[in-house]
Amino acid sequence: MIYPFKDKYPVIADTAYIADFVTITGDVEIGDESSVWFNSVIRGDVAPTRIGKKVNIQDNSVLHQSPNNPLILEDEVTVGHQVILHSCIIRKGALIGMGSIILDQAEIGEGAFIGAGSLVPQGKKIPPNTLAFGRPAKVIREISPEDIKEMERITREYAEKGQFYKSLQKGTQS
C-alpha cells in the first residue's frame, strides 16, 4: 500500500518493483530498478527517506527516521531480510546483512559489508570497503575480492528478479 502523509507523497520510479504487502508512506523517494520485497515498511512520516538506484530492500525490513534526520540509501545498496534502518546513511554498494539494526546518524561507508545480526549504534561510522560484525559492530577486516564479487552478484540478481516480478504484476511475462 502506498499512502500519503499530510502533503507528502511517495515518489517511486516506474522501473522500481514494489512487492505485495509492502507499505510505503510519506516523504519517500525510490530510484530506478530498485526493489522493495514482501512485508517491508518504509515510513516517511517524520523525515525524508531517499533510496537510490538498484537498491534492494528484502523481506520484512523496516525503514524509518527521527525528526530532522533523514534516512539515505545511495545506489546499489543491499538491505537483507528483517533489517531495521533508522535515520542513517548507507553509502553506495554497501550490504547490510540479515537481521541487522543501523541506528540514527550511523554511516555505513561505500562498499562496506555489515554482517548478519549486527547492531551499528547511533553515530557510529563504518569505513568504506570493510567488513563489520557484532553487537556493537566492529570492523573485522578489509573487504576481499570475493566479497566484492558476491555483493555485486546480489545487487545484480535482485535488480533482475525485481524486473521479473514487475513483469508478472503487469501481466507481460512471456
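Leaving out neighbours within four places in sequence, aspartate 45 is in contact with Phe5, Thr25, His64 and Gln65. This is a predicted model, and aspartate 45 sits in strand E6, residues 41-51.

**Around aspartate 45**

- The side chain of aspartate 45 has a polar contact of 2.7 Å with the side chain of histidine 64.
- Another polar contact, at 3.0 Å, joins the aspartate 45 side chain to that of arginine 43.
- Histidine 64 also turns up in the contact list of aspartate 45, alongside Phe5, Thr25 and Gln65.
- Thr25 from that list has a tie to arginine 43 too: arginine 43 is the bridge partner of threonine 25 in E6.

- How many of the residues of E4 are buried? The count is 6 of 8, so E4 is largely enclosed by the rest of the structure.

**Salt bridges**

- The total comes to 8 salt bridges.
- One of them joins the side chains of arginine 50 and aspartate 27, at 2.9 Å from N to O. Arginine 50 is in strand E6 and aspartate 27 in strand E4 (residues 23-30), so this pair ties together parts that are 23 residues apart in sequence.
- Buried or partly exposed: which is aspartate 27? Its relative accessibility is 15%, so aspartate 27 counts as buried. Arginine 50, at 26%, counts as partly exposed.
- Glu29 joins in as well: Asp27, Glu29 and Arg50 are linked in a network of salt bridges.
- Arginine 91 forms a salt bridge with glutamate 74, the closest N and O atoms being 2.5 Å apart. This pair links distant parts of the chain, 17 residues apart: arginine 91 is in the loop between strand E12 (89-90) and strand E13 (95-96), and glutamate 74 is in the loop between strand E9 (71-73) and strand E10 (78-79).
- Arginine 91 has a salt bridge with glutamate 107 too, with the closest N and O atoms 3.0 Å apart. Glutamate 107 lies in strand E15 (residues 107-108) and arginine 91 in the E12-E13 loop, so the pair ties together parts that are 16 residues apart in sequence.
- On accessibility, arginine 91 is partly exposed at 26%, glutamate 74 is partly exposed at 25%, and glutamate 107 is partly exposed at 22%.

**The nonpolar core**

- The largest nonpolar core has 39 residues, and those with the most contacts inside it are Leu73, Leu85, Ile90, Ile102 and Ile108.

**The open sheet**

- An open sheet of 8 strands is ordered E3-E5-E7-E10-E13-E16-E19-E20, with mixed pairing.
- Its edge strands are E3 (17-18) and E20 (137-142), each pairing on one side only.
- E3 pairs with strand E5 (residues 35-36) in the parallel sense over 2 bridges, and valine 36 in E5 is the bridge partner of isoleucine 18.

**Helix H1**

- H1 covers residues 145-170, which is 26 residues, and reaches 38 Å from its first C-alpha to its last, close to the 38 Å expected.
- The buried residues of H1 are Asp147, Met151, Ile154, Thr155, Tyr158, Ala159, Gly162, Lys166 and Ser167.
- For reading that list, recall that an α-helix has 3.6 residues a turn, so residues three or four places apart point the same way.

Note on methods. Residues numbered from 1 in each chain as written. Predicted model: local features only at pLDDT ≥ 70, side-chain atom pairs only at ≥ 80, totals over all residues. Heavy atoms only, no water. Helix = DSSP H or I, 4+ residues; strand = E, 2+ residues; numbered from the N terminus. Polar contact = N/O pair within 3.5 Å; in protein donor to acceptor, adjacent residues only side chain to side chain. Contact = heavy atoms within 4.5 Å. Expected span 1.5 Å × (residues − 1). Buried < 20%, exposed > 50% of the residue type's maximum accessible area, 1.4 Å probe, protein only. Salt bridge = Lys/Arg side-chain N within 4 Å of Asp/Glu carboxyl O. Pairing = 2+ DSSP bridges. Core = buried A, V, L, I, M, F, W, Y, C linked by side-chain atoms within 4.5 Å.
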